[in-house]
Amino acid sequence: MKITFMGAGSTVFAKNVLGDSMLCDVLSESEICLYDIDGARLKESCMMLDNINRNSNGGKATIKTFLGVENRKEALRGADFVINAIQVGGYEPCTVIDFEIPKKYGLRQTIADTLGIGGIMRALRTIPVMEDFARDMEEVCPDAWFLNYTNPMAMLSGFMQRYTGIKTVGLCHSVQTCSQNLLEALDMKDKLEGRRELIAGINHMAWLLEIYDKDGNDLYPEIRRRALHKNDTEKHNDMVRYEYIRRLGYYCTESSEHNAEYNPFFIKAKYPELIDRYQIPLDEYPRRCVKQIDDWNKRRDELVHNTALTHERSREYASYIMEAIVTNKPYKIGGNVLNTGLIDNLPADACVEVPCLVDGSGVTPCHVGRLPVQLAAMNMTNINVQLLTIEAAVTKKRDLIYNAAMLEPHTAAELSIDDIVKMVDELIEAHGDYLPAYH
């Protein structure tokens, strides 16, 4: 097997995904190709993986590095699987721009990597890079599976699925941990073992539609009772999603700090008291970035220069997906795929997150049917923005970026159309060469 990792400077993530692959029998002798545009980070990832390969895999894998755009095609040539974990523009300058310019207009965000004006800009600077990946792949590894971990998940995966010939599935951690985190937080740990659940919707706003214990008892009535009581009697870090349970009837996959900015309900200049009431961490992502950079400076020696470094297989989907495709042993995931008749009351162009069966045939998504109408409506407010942003990236029409921002729920609730247009223009200018020309 040949596994190519795009954005291999994501050292900790590369450790999990590629370390996992080395611990899987059918992948342990793979040729692993690391690609990045940052030479220092690429070298660090290679040193770390060499240690894991030697200590945990008997040196069976072959690890190669490819630096810079001029070597990208060789990194991809003949790949069976391509894992994508890039971040275009980094924390500085681009993430800082995504937060600071909207803040001037009175628009506050928490994470800004999936929706909101920050998510729109992140997609617009990332789609051109992924299109370059896709064109290279169509030439040198047309049958490879592209496993996308980069946000904004639905916009990037949706672009790849609609506008390239590459087999693409988007992967996110939030489906894996959704019900476990909920049951543990509500002191229902005894219901974890043997539970059955159905999760479907869109990335970061997929819904826990059904959840039963091992004996087939519906857990939702007790979940609803406890969640409402907890929101009414204490402060905690998941208040937005528990409010979803109160108002919409269902819990969703991604965290409250994310979901606080996917709608017009919680971050409102006219109602500043909501920030404290729902424990909303404004500017959370820049704080995390600064901490991550600081932590990496401390962890570098432990990971990169540790000649005794070993690895234990993690819960990341990637190695299990590759293993299932290679061995034809079925594995179930929550995957982001094009809505080919999967969720009946969402549009066909949407990228949806649904249960998928993975085996020798690849990734086969499951038909879910109709979502409860209020959940489909919530998803549509996000899908509108996703589809307009993809269309803007494909056509290079600036008006479509304005439209995406005008229909973005949080932005529209806070700003006038004139301010939205001014803000978009300022963001485009500040991004400079990170964006193509828009007309």
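Predicted model: local features only at pLDDT ≥ 70, side-chain atom pairs only at ≥ 80, totals over all residues.
Student: Where should I start with helix packing? What is the angle between helix 4 and helix 17?

Tutor: Start with the two axes. Helix 4 covers residues 90-104, and helix 17 covers residues 417-431. Their axes come within 10 Å and cross at roughly 155°.

Student: Are helix 4 and helix 17 roughly parallel or roughly antiparallel?

Tutor: Angles over 145 degrees count as roughly antiparallel. Helix 4 and helix 17 are therefore roughly antiparallel to each other. Their crossing is right-handed.

Student: Which residues make that contact?

Tutor: Helix 4 brings Cys94, Ile97, Asp98, Ile101, Pro102 and Lys104. Helix 17 answers with Met423, Glu426, Leu427, Ala430 and His431. Sorted by class, the contact of helix 4 with helix 17 has seven nonpolar, one polar and three charged residues.

Student: Now another pair. How do helix 1 and helix 2 pack?

Tutor: Helix 1 spans residues 11-22, and helix 2 spans residues 39-57. Their axes lie 10 Å apart, at an angle of about 30°. Angles under 35 degrees count as roughly parallel. Helix 1 and helix 2 are therefore roughly parallel to each other. Helix 1 passes helix 2 in a right-handed crossing.

Student: Which residues meet there?

Tutor: From helix 1, look for Thr11, Ala14, Lys15, Leu18, Gly19 and Met22. They meet Arg41, Ser45, Met48, Leu49, Ile52, Asn53 and Asn57 of helix 2. By class, this contact of helix 1 with helix 2 has six nonpolar, five polar and two charged residues.

Student: On to cysteines. How many disulfides does the structure hold?

Tutor: A disulfide is a covalent bond between the sulfur atoms of two cysteines. This structure holds zero disulfides.

Student: Are Cys178 and Cys252 buried or exposed?

Tutor: The cut-off for buried is under 20% relative accessible area. Cys178 is at 2% relative accessibility, so it counts as buried. Cys252 has a relative accessible area of 0% and is buried.

Student: What follows helix 9?

Tutor: Gly249 does, and its phi is positive, near 95°.

Conventions
Residues numbered from 1 in each chain as written. Heavy atoms only, no water. Axes fitted to C-alpha atoms, helices over the stretch in contact; angles between N-to-C directions. Helix = DSSP H or I, 4+ residues; strand = E, 2+ residues; numbered from the N terminus. Parallel < 35°, antiparallel > 145°, perpendicular 65-115°, else oblique. Left-handed = near helix turned anticlockwise from the far one by under 90°. Contact = heavy atoms within 4.5 Å. Nonpolar A, V, L, I, M, F, W, Y, C, P; charged D, E, K, R; others polar. Disulfide = S-S within 2.5 Å. Buried < 20%, exposed > 50% of the residue type's maximum accessible area, 1.4 Å probe, protein only.
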